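User: Hi! Could you walk me through this model before I set anything up with it?
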Amino acid sequence: MNSNEIDIHKELKKYFGFSQFKGLQEQVITSLMNKQNTFVIMPTGGGKSLCYQLPALIQEGTAVVVSPLIALMKNQVDAIRSLSSENGIAHVLNSSLTKTETAQVKKDITSGLTKLLYVAPESLTKEENVAFLKSVPISFVAIDEAHCISEWGHDFRPEYRNLKNIIKQLGDVPVIGLTATATPKVQEDILKNLEMSNAVTFKASFNRPNLYYEVRTKTKNVESDIIRFIKQHKGKSGVIYCLSRKKVEAIAEVLKVNGISAVPYHAGLDAKTRAKHQDMFLMEDVEVVVATIAFGMGIDKPDVRFVIHHDIPKSLESYYQETGRAGRDGGEGHCLAYYSYKDVEKLEKFMSGKPVAEQEIGFALLQEVVAYAETSMSRRKFLLHYFGEEFDSETGEGADMDDNVRNPKTKVEAKNEVVKLLEVVRDTKHLYKSKEIVFTLIGRVNAVIKAHRTDSQSFFGCGVAHDEKYWMALLRQVLVEGFLSKDIETYGIVKITQKGLDFIANPTSFMMSEDHEYSDAEDEAIVT
Ligand code: ADP
């Protein structure tokens with residue numbers, strides 16, 4: 001059976017009641033039904049589930065769906081069952097099932113009734129399950145939340161690494177990987193681990209034009225600033241993210257004292273309280289949830305109007321996911337982050353107890369957050385660049401929706417400085433991260449520079465007319481412009497691109513804006 005013989009529009013209407021596909025769904029479904037390995041990168045809410053649910057429902061055999069969270073699997077199974085009169089149309093296979101239940105699941109699969117079988121990666125490692133799946137017709141394997149395969153993703157699960165070996169045993173079945181994680185590094189890891197370099201890739205834009213991005217300096221008055229902000233958004237729903245449970249409790253308390261209805265949410269509260277607080281938020285009995293990142297997975301409240309980060313997040317990926325919970329209905333969504341370099345130092349200290357590789361990844365990811373917070377360029381352009389997407393900060397959708405664009409800093413011509421910077425990167429032969437490049441420009445020595453004897457080179461100190469902050473800002477802007485690239489594999493070695501070499505050969509105007517001054521930031525306890 002191939003996609004030409006089935007009218008997928010008709011099937012869409014029949015099963016889901018929708019008259020149109022959303023975004024790239026149709027192309028994805030066609031690819032999968034043509035038995036091609038398929039890779040889907042769409043932001044949360046983009047409609048990924050339907051990309052495998054519909055082909056599963058209308059093809060012969062059972063589709064195996066790998067998903068990391070039991071709660072999410074259950075939701076999906078309930079949703080599919082509601083589309084059909086047969087309960088057996090979708091099942092979850094996991095170790096919590098009784099013998100009788102497992103037998104029923106297997107019977108429904110064997111009889112051809114079950115179209116979607118949700119499994120946790122752990123269940124797929126069980127020999128008896130694999131043996132069973134080998135004996136029945138499988139239409140395809142879907143790997144949901146595929147970023148769990150990568151250590152560079154925000155939710156690494158080692159069991160995901162073994163999936164390819166198991167899939168191979170199932171014979172020649174097409175694989176569809178799906179994720180809302182858009183960084184090029186994670187995508188590369190997924191394709192490599194699943195051995196899917198031949199996959200047809202579909203990537204939707206991650207631009208959320210209705211979200212407004214803002215960063216404020218975190219001072220000791222941060223709490224009153226938050227209260228003022230919430231009062232300006234009276235009657236609207238919002239989430240405040242903090243990194244520690246203690247902070248969550250403290251902020252929720254301060255808000256309550258100030259007449260704002262707020263509840264805390266973190267993993268230290270018992271399940272009943274968490275569920276109650278989540279329901280209160282969904283039912284609009286409270287305006288604000290103050291939460292750790294434990295809050296949000298699977299939350300689908302369309303009218304969250306603001307997401308505040310009291311503490312900076314650990315990666316831009318998490319920031320994007322967390323702010324992405326605002327404005328899902330397409331309406332206003334204000335994303336405000338408080339930034340202090342002291343928070344960064346604390347996070348670094350917190351990470352220093354971890355294994356070295358994990359630490360390096362953690363530092364590299366955190367540096368990107370710092371760059372985002374300190375930049376004076378379009379935050380949307382910066383974020384989307386991080387996700388490998390070009391954004392025109394003048395004409396792109398949502399271009400004026402951030403603090404930097406609304407209140408631009410004066411720009412200065414930096415053509416000659418860009419050339420100087422690019423030449424230093426070229427002439428230091430791709431050995432350095434941002435810090436050493438800037439040190440070389442301003443003529444400061446450290447152990448790395450000494451070891452390479454860069455301090456005896458003629459260009460050492462060639463940028464002394466400007467300070468460290470200036471060069472760091474310029475370097476970030478030049479990176480986003482694509483004249484330089486940062487190699488994440490080596491934790492941030494900066495390299496010159498062809499575009500950069502072309503600029504040296506043929507320099508044109510380059511208007512830079514100096515970065516924000518955040519030095520007045522105050523200490524805040526974040527990690528407990
Ligand atoms: P994701 O998994 O990418 O976060 P979901 O699969 O949960 O997204 O879909 C998000 C929402 O979009 C759901 O409410 C779903 O019912 C809806 N949706 C999906 N496809 C369509 C479509 N073709 N037309 C209308 N709504 C759709």
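User: Great. What kind of model is it, and how are residues numbered?
Analyst: It is a predicted model, where local features need pLDDT of at least 70, side-chain atom pairs count only at pLDDT 80 or more, and totals for chains, interfaces and linings use all residues. Residues are numbered from 1 along each chain as its sequence is written.

User: What is the mean pLDDT of the protein?
Analyst: The mean is 90, and 95% of the residues reach 70 or more. pLDDT is the predictor's confidence in each residue, from 0 to 100. Over residues 519–528 the value is below 50, though that stretch has 31 contacts in the model beyond near neighbours in sequence. A contact here is a pair of residues whose C-beta atoms, placed from the backbone, lie within 7 Å.

User: And what ipTM does the predictor give the complex?
Analyst: The ipTM is 0.98, with a pTM of 0.78.

User: On to the sheet. What order do the seven strands have?
Analyst: The order is β3-β4-β2-β5-β6-β1-β7, in an open sheet with parallel pairing. Strands (E, at least two residues) and helices (H or I, at least four) are DSSP runs numbered from the N terminus. Two strands count as paired if DSSP finds at least two bridges between them.

User: Which strands are at the edges?
Analyst: Those are β3 (90–93) and β7 (200–203), each pairing on one side only. Ignoring direction, neighbouring strands of this sheet are turned by 20° against each other on average.

User: How many bridges link β1 and β6?
Analyst: Four: β1 (residues 38–41) and β6 (residues 175–179) pair in the parallel sense. T38 stands opposite I176 in β6, and I41 stands opposite T179. There is also β5, joined to β6 by three bridges and running parallel with it; I143 stands opposite G177 there.

User: Are the residues of β6 buried or exposed?
Analyst: Five of its five residues are buried. Buried means 20 or more other C-beta atoms within 10 Å of a residue's own, exposed means 12 or fewer, and partly exposed is in between, with C-beta atoms placed from the backbone. V175, G177 and T179 point one way from β6, while I176 and L178 point the other way. In a regular strand the side chains alternate between the two faces of the sheet.

User: What does helix α2 touch on the sheet?
Analyst: Helix α2 (residues 25–33) packs on the sheet, touching β1, β5 (138–143), β6 and β7. Its direction makes about 160° with that of β1. Axes are lines fitted to C-alpha atoms, for helices over the stretch in contact, and angles run from 0 to 180 degrees between N-to-C directions.

User: Switching topic: what span should α21 have, and what does the model give?
Analyst: At 1.5 Å a residue, the 14 residues of α21 (residues 468–481) should span 20 Å, and the end C-alpha atoms are 20 Å apart, so the two agree. The expected span is 1.5 Å times one less than the number of residues. Just after α21, G482 takes a positive phi of about 90°.

User: Which residues of α21 are buried?
Analyst: They are Y470, W471, A473, L474, L475, R476, Q477, V478 and V480. The elements they pack against include α15 (356–374), α16 (379–386), α18 (415–427) and β17 (511–513).

User: At what angle do α18 and α21 pack?
Analyst: About 85°, with their axes 11 Å apart. That makes α18 roughly perpendicular to α21, a label for angles of 65 to 115 degrees. E417, V418 and L421 in α18 meet W471, L474, L475 and V478 in α21.

User: Last one, loops. Where is E284, and what is its phi?
Analyst: E284 is in the loop between α12 (271–282) and β11 (288–291). Its phi is near 65°, a positive value in a residue other than glycine. E284 counts as exposed because it has 12 C-beta neighbours inside 10 Å.

User: And what about R453?
Analyst: Phi of R453 is near 55°, again positive in a residue other than glycine. R453 is in the loop between α20 (447–452) and α21, and it counts as exposed, with 9 C-beta neighbours inside 10 Å.

Definitions and conventions. Contact = placed C-beta atoms within 7 Å. Parallel < 35°, antiparallel > 145°, perpendicular 65-115°, else oblique.
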